[in-house]
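I opened the notebook to record what I looked up in this structure. The entries follow the order of my reading.

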Amino acid sequence: HRGPGGHRPPRGLDFAPVAPNTEDRIVAPAGYRTDVVIRWGDPVLPGAPAFDFDNQTPESAAAQFGFNNDFCGLVPLRRDQWLMVSNHEYSSEPFMFKGYSASAPTEEQVRIAWANHGMSVVVVERDRRSGALKAKVDRHYNRRITATSEFEVSGPVAGHDLLKTTADPSGRKVLGTLNNCAGGVTPWGTILSGEENFNQYFANGNKVTDPVVKARLARYGLVGGASGRKWENFDDRFDLSKEPNEANRFGWIVEIDPYEPDAKPVKHTALGRFKHEGANVHVARDGRVVAYMGDDERFDYIYKFVSKERVRPGNSRWARAHNKKLLTEGTLYVAKFTGDSPAAEIDGSGKLPADGQFDGVGHWIPLASGRKSFVEGMSAEEVYTFTRLAADKVGATKMDRPEDVEANPRDGRVYAALTNNTDRGKPGKEGPTEINPRNGNRHGHVLEWEEHRGDNTATTFRWRLLLVCGDPAASDTYFGGYDKSQVSPISCPDNLAFDKHGNLWISTDGNALGSNDGIFATATTGRERGHLKQFLTVPNGAEACGPVIEEDFVLVSVQHPGEIDGASADNPASHWPDGGATQPRPSVAVVWKPGRAIGS
Ligand code: FEO
Ligand code: CA
Ligand code: CA
Ligand code: CA
């Protein structure tokens, strides 16, 4: 598979690209195998019953793999064994229950939904003969975290009045984590997970009358009456007219330690509160850690957190205990991007400006550091809790749905997936800027920057767009300057990952080109920069999440297979992974090439 110049593909990317398709299966390159690692409802805890779609209970669900697995993180355990941590972002009741009534869910159904949220920790083991990976029911490590598991609040807002509720006058103990979307694996072997669209769980924001509280709720989309899932019918904490602070307890980054099953999961308030897609940690040259984060909403922001303390090397108990405190204190910044081309050349069409690049400079605006606020009229606690309002005040750059933000471990350059923003340029909405250059941006783009002098704690940087996604034949797309006749079409980049060679892997959410979602990869440096190739596609209606790129296998988290308009459990649009007439089941799948490394 030689490139157009006749040179060899970069290390780890020697595979024949998968063509766009709408097949109800995982399509991988020729020579690769695929298998399912674990499915919705498969046993996680000892004693869990086998999944029975027609006889679900809250108790069985709390011991089984949850619904709609999103981010997937992997840490090594023993030879051919890993701990896999999956986010269960949300429940889709019409696909979980036949005959579901959205206006009147039963308490049983609501409790099943609570148990299907949260996270799973599962031991996965490789079969040495076949190379396939399978989940194991492990008594020691396996764990379920649900919408009712107890979390400890850490950092500057822990114990603050803004987090106190009737059930928790301490403001330090939160039940559950919700809408865990993307995440990251820390250098100390814990998992970070972002609480994203938590607003959808809370009802009756429209009944709140206090103008200050109302404005805060509004900025987070907490303005409706009854919620979609009606959880407020069964627990007052989901009713904002009764518990206005409960929503302040969601929207954080949570950290869980898969190696210590008894360690309580933590919500880190120092990383701010917004619709956290996820957080990815990079160790800066001086040993401080930098967490990069996106707020996945149209016209919202990119953030970074720089720790006060430095990382301790190794994984002794002592070092890990120290490192697990790194995200409790530091400085929270929001990004401001400036283009270098004349505004007249950025006309919303996506046509490159005369200098041939969408590029420019930027800086990080500090919002708060420890207990000190840099935002006029807001205390530090308010900045961390209502971070969107703080970022609005300082004039941060409104982005096209910032999702994963992650540094390349090889060179520290940072990448952000900007999924799309069909509202860009609409009447009353912000128009194009060099960093978000397309009006009605349907296909999204991928941003790259390097911090000043390669120091990830720096407060200035240079940026450029690596990919302007869509149909390569269209004039409004750009693939790092690479020959567009040689690249795969891509739409709606969402999750990012790097392989050990430093290649960038991208998964998509909501392909607007008509093909199923999938996973793509490109080199970020050298002659093959921008030579994007599709590695796989996922089944009908599914989103490709997670990707984990190991040397000899790839994990893909197949979220919401069959969830297309008009479909439901009564009328399934996918039968993946079990085939026949079965219901679709969100699952983690593995892709590998027997006897070879990925991309070789
Ligand atoms: Fe849950 Fe931003 O995707
Ligand atoms: Ca996502
Ligand atoms: Ca430019
Ligand atoms: Ca998504």
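I began with a term: two strands pair if DSSP finds at least two bridges between them. I also noted that the model is predicted.

**Entry: a strand pair**

I looked up strand β26 and strand β27, residues 504–508, and found that they pair in the antiparallel sense over five bridges. For N495 I searched β27 for the bridge partner, and the partner is S507. I then read the stretch that joins the two strands: the hairpin of β26 and β27 has five residues between the strands. Within this hairpin, G502 takes a positive phi near 90°.

I asked next how many of the six residues of strand β26 are buried. I counted five in β26, which covers residues 493–498, so the strand is largely enclosed by the rest of the structure.

**Entry: helix α3**

I moved to helix α3, residues 107–116, and picked out R111, which lies in it. Is R111 buried or exposed? I needed the cut-off here: a residue is buried if 20 or more other C-beta atoms lie within 10 Å of its own. R111 has 22 other C-beta atoms within 10 Å, so it is buried.

I checked the rest of the helix. Eight of the ten residues of α3 are buried, so the helix is largely enclosed by the rest of the structure. I listed the buried residues of α3 as Q109, V110, R111, I112, A113, W114, A115 and N116. What do the buried residues of α3 pack against? I found α1 (58–61), β3 (81–88) and α2 (93–96).

Just after α3 I noted G118, which takes a positive phi of about 100°.

I also took one distance from R111. R111 and C181 are 70 residues apart in sequence, and C-alpha to C-alpha they are 21 Å apart in space.

**Entry: the whole chain**

I finished with the protein chain as a whole. I recorded seven helices and 32 strands as its secondary structure. Its radius of gyration is 23 Å, close to the 25 Å that the globule rule gives for 600 residues, so the chain is as compact as a globular protein of that length. I read the span of the C-alpha trace along its principal axes as about 65 × 60 × 50 Å.

I noted that 57% of the 600 residues in the protein chain are buried. I then turned to contacts with a separation of 6 or more, and residues 24 or more positions apart account for 62% of these in the protein chain.

Key:
Residues numbered from 1 in each chain as written. Chains lettered and ligands numbered in written order. Predicted model: local features only at pLDDT ≥ 70, side-chain atom pairs only at ≥ 80, totals over all residues. Helix = DSSP H or I, 4+ residues; strand = E, 2+ residues; numbered from the N terminus. Rg over C-alpha atoms; globule rule 2.2 N^0.38 Å. Buried ≥ 20, exposed ≤ 12 C-beta atoms within 10 Å, placed from the backbone. Contact = placed C-beta atoms within 7 Å.
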